[in-house]
Amino acid sequence: MMGFIWFCLVAVMIVGYVVLDGFDLGVGVLHLFLVRNEDERRASLRSIGPVWDGNEVWLLAGGGTLYFAFPWLYASAFSGFYLPLMIVLWLLILRGISLELRNHIDVGVWRALLDGLFGISSLLLAVFYGAALANVIRGVPLRVDGYFFLPLWTNWKPGPSPGILDWYTVIGGLVALISLTLHGALWLTIKVSGDLERRARRLVSQLWFVLLAITIVSLAATMVVRPQTLDNYYHYPFTFAVPVGVLASLAGIWLWNRNLQPVKAFLASCVYLFFMLAGACWGLYPKLLPAASDSGLDITLDKALSGPHTLAVGLAWWLFGMALAVGYVVFVYSRFKGKADAGASSH
């Protein structure tokens with residue numbers, strides 16, 4: 001029971017990070033092509049300025065929770081994914097630098113350089129996050145000692161000796177890129193006004209069809225690459241509510257965006273991300289990191305779990321920490337609600 005609780009808690013941390021920092025990344029991607037002048041760039045940056053660094057704390061909290069509850073998984077995954085993790089670390093650093101230093105020098109070339117750095121790092125982070133999740137679903141070449149190594153690519157095919165990138169993980173990266181870009185566009189429809197808001201709303205309508213198509217493709221590809229992901233759904237048929245929730249949330253995005261109800265459309269996007277990630281977690285359970293081949297070397301919940309006393313004490317501290325984190329999120333988002341246009345004195 002304690003293992004299932006901590007499995008759910010880690011999943012909650014991951015979902016929280018993706019939902020909250022996801023629109024930050026989406027705004028960064030949109031910084032490459034949606035904004036057209038300095039006022040619009042300032043407005044888009046002001047929309048995430050008060051919250052982006054707090055949102056990234058959920059990534060650190062998720063990693064800490066993973067280390068605490070499933071130390072073997074943490075050790076295996078962080079060593080095997082060392083190369084992409086270093087890339088992600090540098091992208092996070094470059095993204096933070098570009099946001100913090102952009103306005104320190106009033107020179108056009110300086111701002112253009114950091115604007116491009118912000119957009120490219122956000123885009124690559126979205127792709128790498130999606131590819132990372134696809135790697136976990138597909139499986140990795142685990143050895144008997146529980147460790148593995150993945151090159152950046154091999155033959156671009158899932159199999160017993162895969163690379164970080166293959167056709168399946170590329171699909172995962174595209175799903176993350178499109179969904180988070182749409183998520184960021186919905187955030188802008190709430191936080192900005194004028195022509196930028198209208199263009200963001202039109203972009204949502206255009207990206208919606210792409211997201212619907214790539215979602216269907218990704219679900220079909222998952223069933224081809226790892227058909228075992230359906231086992232839990234067959235054993236507990238009521239959990240087919242998860243894919244139904246994915247489709248319903250997509251419908252909500254389309255309907256509420258067309259009806260000029262941006263908050264509801266954004267919340268529907270949050271629900272979409274939740275169901276996509278929850279469906280992936282449920283498809284893997286009780287495996288935490290499956291092997292690429294049917295070797296029986298999967299890292300499972302029971303194998304990776306910490307001791308019972310550690311988990312019981314940690315649960316009390318986790319609840320206390322989450323109460324503080326949730327309180328902070330509620331305060332910040334309520335304090336900085338409203339439009340964040342470049343000329344808005346309230347922001």
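This is a predicted model: local features need pLDDT of at least 70, side-chain atom pairs count only at pLDDT 80 or more; totals for chains, interfaces and linings use all residues.

Modeller: Residues are numbered from 1 along each chain as its sequence is written, and side-chain values use heavy atoms, with hydrogens and water left out.

Colleague: Where does Glu56 lie, and is Glu56 buried or exposed?

Modeller: Glu56 is in helix 3 (residues 52–69); helices are DSSP runs of H or I with at least four residues, numbered from the N terminus. Glu56 counts as buried because its relative accessibility is 16%, where buried means under 20% relative accessible area, exposed over 50% and partly exposed in between (1.4 Å probe, protein chains only).

Colleague: Switching to rings, how many aromatic pairs are there?

Modeller: The count is 24 aromatic pairs. Rings of Phe, Tyr and Trp (its six-membered ring) pair if their centres lie within 6.5 Å; planes under 30 degrees apart are stacked, over 60 edge-to-face, and the rest tilted. One of the pairs is Tyr74 with Phe78, stacked at 4.1 Å centre to centre with 25° between the planes.

Colleague: Why are Tyr74 and Phe78 about one helical turn apart?

Modeller: Because they sit 4 residues apart in helix 4 (residues 71–80). Tyr74 is partly exposed at 25% relative accessible area, and Phe78 is partly exposed too, at 34%.

Colleague: What about Trp187 and Phe266?

Modeller: That pair is tilted, because the ring centres are 5.4 Å apart and the planes meet at 50°. The pair links distant parts of the chain, with Trp187 in helix 7 (residues 167–191) and Phe266 in helix 11 (residues 262–284), 79 residues apart. Trp187 and Phe266 are both buried.

Colleague: Which residues do ring pairs link into a cluster?

Modeller: Phe4, Phe7, Tyr236, Phe238, Trp282 and Tyr285.

Colleague: OK, new topic. How many residues are in the largest nonpolar core?

Modeller: That core has 90 residues, and those with the most contacts inside it include Phe70, Leu182 and Tyr272. A nonpolar core is a set of buried Ala, Val, Leu, Ile, Met, Phe, Trp, Tyr and Cys residues joined through side-chain atoms within 4.5 Å. Helix 1 (residues 2–30) gives the largest share of this core, 14 residues.

Definitions and conventions:
Helices (H or I, at least four residues) and strands (E, at least two) are DSSP runs, numbered from the N terminus.
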